[in-house]
Amino acid sequence: MSATLTPVFQALLNEAQFTRQILGSGCTQIRRANYATKGTYFLALVSLSTGIERLGKLCLMLDHYLEHGRFPDLAHLKQQIGHRLLLLYQRTDALVTRRGLQLKYRQQLSDPFHSAILDCLHRFAEGDRYSNINLLVGAPSSSDPISLWHEKVDMPLFDKHVSPARKVLIGSKARAMAQMMAGHTMVLYTSETGDTISDMENASYRTGVFEFVGPYRQLYVLQIIRYWVEVLSELQHRAMRISSDIPEFSEVLGIFQGEDAYFKSRKTWERE
């Protein structure tokens with residue numbers, strides 16, 4: 001990078017690097033999370049909701065910079081946007097149209113799975129992350145984020161992307177595992193929706209579902225991130241024409257600008 005390392009340049013660069021790291025962690029963990037590792041869901045949801053919020057706000061800040069020659073103040077971002085990821089997407093979609101940005105992959109996040117994922121992350125950021133504490137202290141109720149994700153994202157993904165023959169095979173393998181381990185293993189878990197899992201067949205079936213759903217979760221999440229990275233890259237090019245304070249966001253976040261085939265094949269995203 002040839003830009004001068006002014007305080008503004010360094011702050012923007014640090015923000016992009018931090019955002020890249022937490023998004024990478026979230027993308028890795030969302031592929032791994034299942035009923036037996038519920039903490040992994042929270043690691044993924046915290047990282048993804050935080051990272052997407054920061055990425056989207058960088059886009060809005062650059063849009064404001066292009067319009068007014070300065071970045072917005074804290075009140076503008078905190079009071080008008082806050083943690084509301086759905087509003088953040090609406091504002092981003094509007095600026096894409098207003099500025100006539102042409103994105104390579106997706107002009108909008110209009111797929112039902114994108115909408116479902118954004119809704120889950122929005123609700124998590126807005127308060128679902130405290131669902132257990134809210135229950136204990138008698139606060140206004142909120143949705144359980146794991147149950148919500150399972151119902152709105154995982155099972156629809158399973159229904160769409162797993163063939164009937166594959167579903168039968170998952171069930172057959174689960175029954176075979178239960179028969180093989182009968183009398184030798186005790187199972188006691190709670191499912192994503194809070195139901196008790198006390199038999200090997202149920203546990204094995206859910207593991208089979210997770211193994212097929214995990215890569216698709218990751219794919220759709222990466223498509224969402226790629227959308228915002230593309231928007232940020234387009235705004236970056238315009239802003240760099242008028243200021244040397246703008247770093248190469250597209251270079252820092254370049255790992256998220258791959259093709260879908262690459263997204264589906266890669267499992268871990270913490271490093272380049």
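Visitor: What percentage of the contacts in the protein with a separation of 6 or more is accounted for by residues 24 or more positions apart?
Guide: The model is predicted: local features need pLDDT of at least 70, side-chain atom pairs count only at pLDDT 80 or more, and totals for chains, interfaces and linings use all residues. Numbering starts from 1 along each chain as its sequence is written, and side-chain values use heavy atoms, with hydrogens and water left out. Contact here means heavy atoms within 4.5 Å. Of the contacts with a separation of 6 or more, the share from residues 24 or more positions apart is 73%.

Visitor: In what order do the elements of the protein run from the N terminus?
Guide: Helices (H or I, at least four residues) and strands (E, at least two) are DSSP runs, numbered from the N terminus. The protein has 11 helices and 2 strands. Read from the N terminus, the order is α-α-α-α-α-α-α-α-β-β-α-α-α.

Visitor: What share of the residues of the protein counts as buried?
Guide: A residue is buried under 20% relative accessible area, exposed over 50%, and partly exposed in between (1.4 Å probe, protein chains only). The C-alpha trace spans about 70 × 45 × 30 Å along its principal axes. Of the 272 residues, the buried share is 49%.

Visitor: How much of the accessible surface belongs to carbon and sulfur atoms?
Guide: Accessible areas come from the Shrake-Rupley method with a 1.4 Å probe, and for residues only the protein chains shown count as cover. The surface of the protein comes to about 13400 Å², and the part belonging to carbon and sulfur is 53%.

Visitor: Is Lys 57 buried or exposed?
Guide: Lys 57 lies in helix α2, and its side chain is joined to that of Glu 53 by a polar contact of 2.8 Å. A polar contact is a pair of N or O atoms within 3.5 Å; within protein, one must be able to donate a hydrogen and the other to accept it, and residues adjacent in sequence count only if both atoms are side-chain atoms. Beyond its neighbours within four places, Lys 57 is in contact with Leu 77, Ile 81, Gly 82 and Leu 88. Because its relative accessible area is 14%, Lys 57 is buried.

Visitor: Which side chain is joined to that of Arg 99 by a polar contact of 2.4 Å?
Guide: Arg 99 is found in helix α4 and, at 18% relative accessibility, counts as buried. Leaving aside neighbours within four places, its contacts include Leu 66, Glu 67, Leu 235 and Arg 238. The polar contact of 2.4 Å joins the side chain of Arg 99 to that of Asp 63.

Visitor: How far apart in space are Arg 31 and Leu 188, C-alpha to C-alpha?
Guide: Arg 31 is found in helix α1 and is buried at 15% relative accessibility. Among the residues that Arg 31 touches are Phe 210, Gly 214 and Lys 264. Leu 188 is 157 residues from Arg 31 in sequence, and their distance in space is 23 Å.

Visitor: Is Ser 265 buried or exposed?
Guide: Ser 265 has its place in helix α11 (residues 260-265). Its side chain reaches the backbone oxygen of Tyr 262 at 3.0 Å. Because its relative accessibility is 54%, Ser 265 counts as exposed.
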